[in-house]
Each structure stands twice: as C-alpha cells, then as structure tokens.
Amino acid sequence: SPYTASDGDNIICDCSSGAITITLPASPTIGMQVKIIDGDGNAGTNNITVGRNSQKIMGSAADLEITTNSAGIALVYYDATYGWRLKYND
C-alpha cells in the first residue's frame with residue numbers, strides 16, 4: 001500500500017503483489033534522507049514509484065521509478081533547485 005516517508009526512514013518494499021508508491025516527505029530541509037530498498041526483488045515487474053511530493057528529484061519535476069529487481073537507493077534533500085539527490089545506488 002502507499003506510504004509517506006519521514007526523514008531517516010529505511011523502507012524495505014514488498015512489491016510481490018503489485019506496484020507501490022513511496023511519497024517523499026513534504027516540506028523537506030537540507031540533509032533529510034530516505035532509503036528505499038526492493039526487499040523481495042520484484043521491482044522489475046511491480047515498479048516502486050517514488051513520489052516527489054512537489055519537490056524535484058535530481059533537478060527534475062518528475063517522480064522516480066525503481067524498475068530494477070533488488071535495487072536500493074538513498075536520497076538526500078539539497079534545495080528547491082535540485083531537490084532530492086541520489087546519494088548512492090546499490
């Protein structure tokens with residue numbers, strides 16, 4: 001089911017039953033972080049949508065789709081121009 005992330009969340013997703021949406025925190029401040037992991041290895045079939053919640057992701061005004069099985073990402077918020085930045089991609 002959909003989930004709205006909070007600063008510091010480590011979210012392990014179970015998308016074996018279908019696609020899911022993780023919405024990033026509203027009104028983030030510099031340094032806030034969220035980690036999202038495809039726990040069951042099904043994101044290639046049932047994508048994980050990372051909802052931007054009105055902020056940019058990597059400078060783009062579009063949601064992020066995790067479409068690789070077993071992928072793990074971490075996002076850190078920088079500012080309104082660049083938004084959420086990819087910290088690393090496992």
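Which residues touch the most other members of the largest nonpolar core? They are Ile22, Ile36, Ile48, Val50, Ile66 and Trp84, in a core of 20 residues. A nonpolar core here is a set of buried Ala, Val, Leu, Ile, Met, Phe, Trp, Tyr and Cys residues joined through side-chain atoms within 4.5 Å. Buried means under 20% relative accessible area, exposed means over 50%, and partly exposed lies in between, with a 1.4 Å probe and protein chains only.

Before going on, a word on the source. This is a predicted model, where local features need pLDDT of at least 70 and side-chain atom pairs count only at pLDDT 80 or more, while totals for chains, interfaces and linings use all residues. Residues are numbered from 1 along each chain as its sequence is written, and side-chain values use heavy atoms, with hydrogens and water left out.

In soluble globular proteins, nonpolar side chains tend to be buried together. Ile36 has contacts (heavy atoms within 4.5 Å) beyond its neighbours within four places in sequence, including Ile22, Ile48, Val50 and Ile66.

Now the sheet. Strands are DSSP runs of E, at least two residues long, numbered from the N terminus. Two strands pair if DSSP finds at least two bridges between them. An open sheet of four strands has the order 1-3-5-6, and its pairing is mixed. Strand 1 (3–4) and strand 6 (64–66) each have a single partner strand, so one side of each is left without a neighbour in the sheet. Strands 5 and 6 run antiparallel and are joined by three bridges. Ile48 stands opposite Ile66 in strand 6.

Next, the aromatic rings. Rings of Phe, Tyr and Trp (its six-membered ring) pair if their centres lie within 6.5 Å; planes under 30 degrees apart are stacked, over 60 edge-to-face, and the rest tilted. That rule gives two aromatic pairs. Tyr77 and Trp84 are edge-to-face, at 5.4 Å centre to centre and 70° between the planes, and both residues are buried. Tyr78 and Tyr82 are tilted, at 6.1 Å and 45°. Tyr78 is partly exposed at 43% relative accessibility, and Tyr82 is partly exposed at 40%.

The side chain of Asn46 reaches the backbone oxygen of Cys15 at 2.8 Å. Apart from neighbours within four places in sequence, Asn46 is in contact with Cys15, Ser16, Ser17, Gly18 and Ala19.

Methods:
A polar contact is a pair of N or O atoms within 3.5 Å; within protein, one must be able to donate a hydrogen and the other to accept it, and residues adjacent in sequence count only if both atoms are side-chain atoms.
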